[in-house]
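Which rings pair, and where do they lie?

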Amino acid sequence: MAPQYAQSLRFRLPPLLFFLQTGFIVVFIFYVDIEQNVQTKQHAFNNYYSEFQDVHVMVILGFGFLATFLVRYSFSGAGFTLLVAAMAVQWAVILNGVESMYHRGKIWINMRSLVVAEMCTASSLIAIGAVLGKTNPVHLLLIALLEISGFVLNGWLLQTFLKVQFLNTIMLLHIFGAFFGLMLSWVLYRQGSEQQHEKEKIDRKTGLFSVMGTLFLWMFWPSFNSVLVEVDHLDRGRSLRAVYSTYLALAVSAVTAAGFSVLTSPQGKLNLFHIQRCTLAGGVAIGVAMSAVHLPWVAMAIGFAAALISTLGSRYIKPLMLFAFECHDTCGVLSVHGLPGILGWMVQLFLQIADSDDLTTAVRFAVFHICTLLITLSLSMSLGLITGFLLKCNFWRPPQNKKCFDDQAFWEVSNQ
């Protein structure tokens, strides 16, 4: 007989959804409009629409399928990803348009603004991965709204005070989302999590669907890394170089992750978790370092190092974080996004210093670059802590331990 679950969503999820959606509609009525310049619209369509489709597939299908790996949480993994993404994109469009509203009186929507909103949404989905299965959909919506607010604020701070290029700030989404989620997992830690939950496992069906998410992400990641390159660089060659570099880094990271997965396995076999996630580490690292990478072998070396760090992190650092620091990172976002993202940041630092003409320029860049990372980490971790303590309140009705990682807590499903 199926376990009985309290219907705790009825008086929390629908009111929150209707309140937020009504508020967004009101904001769009008074403050949002579509860009009217015909030439600009046609140029944006020609240059952004195909890439927008690719990014859209990554966010919905890629992250959605990737979150279905838990044996009894596949409905929630895919369904909540769609719900959160649909709400988060609207919030990101509004927040990213605040500056435009201040100077031009309106928030103007174009293809570029939608792409940026999708990338902000990806950052929130990364953070959610750290607490996947241990929260309810109300939690997830609040996490997405707060994480995106912090990420947009972080970008504004870096661009305003450190004069960081927009492309470099948006690519910090991996680092920001990973450490935001890591702090969430620390605050929301549940006693007994050091023993793997009986439902926190993969079977053949959910594992296959999750690998489909990996394939979508792997295929479209070059578009994700290159779509905004022309915002800061009018040379079309830079955009193409970003595509080539990302593809090479992904190819090398896929091979490297498979090799180290076998080497670190006590049975000498491939680990599905590594294939699902660590194969993507090269795309994360090269995205952060992209502006400084000009040679194919450099991109390939970054892919190799990123996969090595990610695979070893998933095998050894993830359990260490659980037992030593009580950070129960469900999807291993620290190893998949956080550490490769920091690797990309370090590579960018070293390459830019090597390309500098004089010592003064190199030192100045290094100081600003280090401040960029420190501000990003400080803001993401502090907001993650604040969000975690907010969600810990019993008012939000967090699922009981025995109901974690289970669709039956939230979905109408047949008896199992």
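Rings of Phe, Tyr and Trp (its six-membered ring) pair if their centres lie within 6.5 Å; planes under 30 degrees apart count as stacked, over 60 as edge-to-face and the rest as tilted. Phe 75, Phe 80, Phe 410 and Trp 411 form one aromatic cluster. This is a predicted model, where local features need pLDDT of at least 70, side-chain atom pairs count only at pLDDT 80 or more, and totals for chains, interfaces and linings use all residues. Residues are numbered from 1 along each chain as its sequence is written, and side-chain values use heavy atoms, leaving out hydrogens and water.

The structure holds 14 aromatic pairs. One of them joins Phe 24 and Trp 91, stacked at 5.8 Å centre to centre with 20° between the planes. Phe 24 lies in helix 1 and Trp 91 in helix 3 (residues 74-96), so the pair ties together parts 67 residues apart in sequence. Helices are DSSP runs (H or I, at least four residues), numbered from the N terminus. Phe 24 is buried, at 6% relative accessible area. Trp 91 is partly exposed, at 22%. Buried means under 20%, exposed over 50%, partly exposed in between (1.4 Å probe, protein chains only).

Trp 218 and Tyr 247 have ring centres 5.8 Å apart and planes at 70°, so this pair is edge-to-face. Trp 218 sits in helix 9 (residues 204-226) and Tyr 247 in helix 11 (residues 236-263), 29 residues apart. Trp 218 is partly exposed at 22% relative accessibility. Tyr 247 is partly exposed too, with a relative accessible area of 46%.

Terms used: Helices (H or I, at least four residues) and strands (E, at least two) are DSSP runs, numbered from the N terminus.
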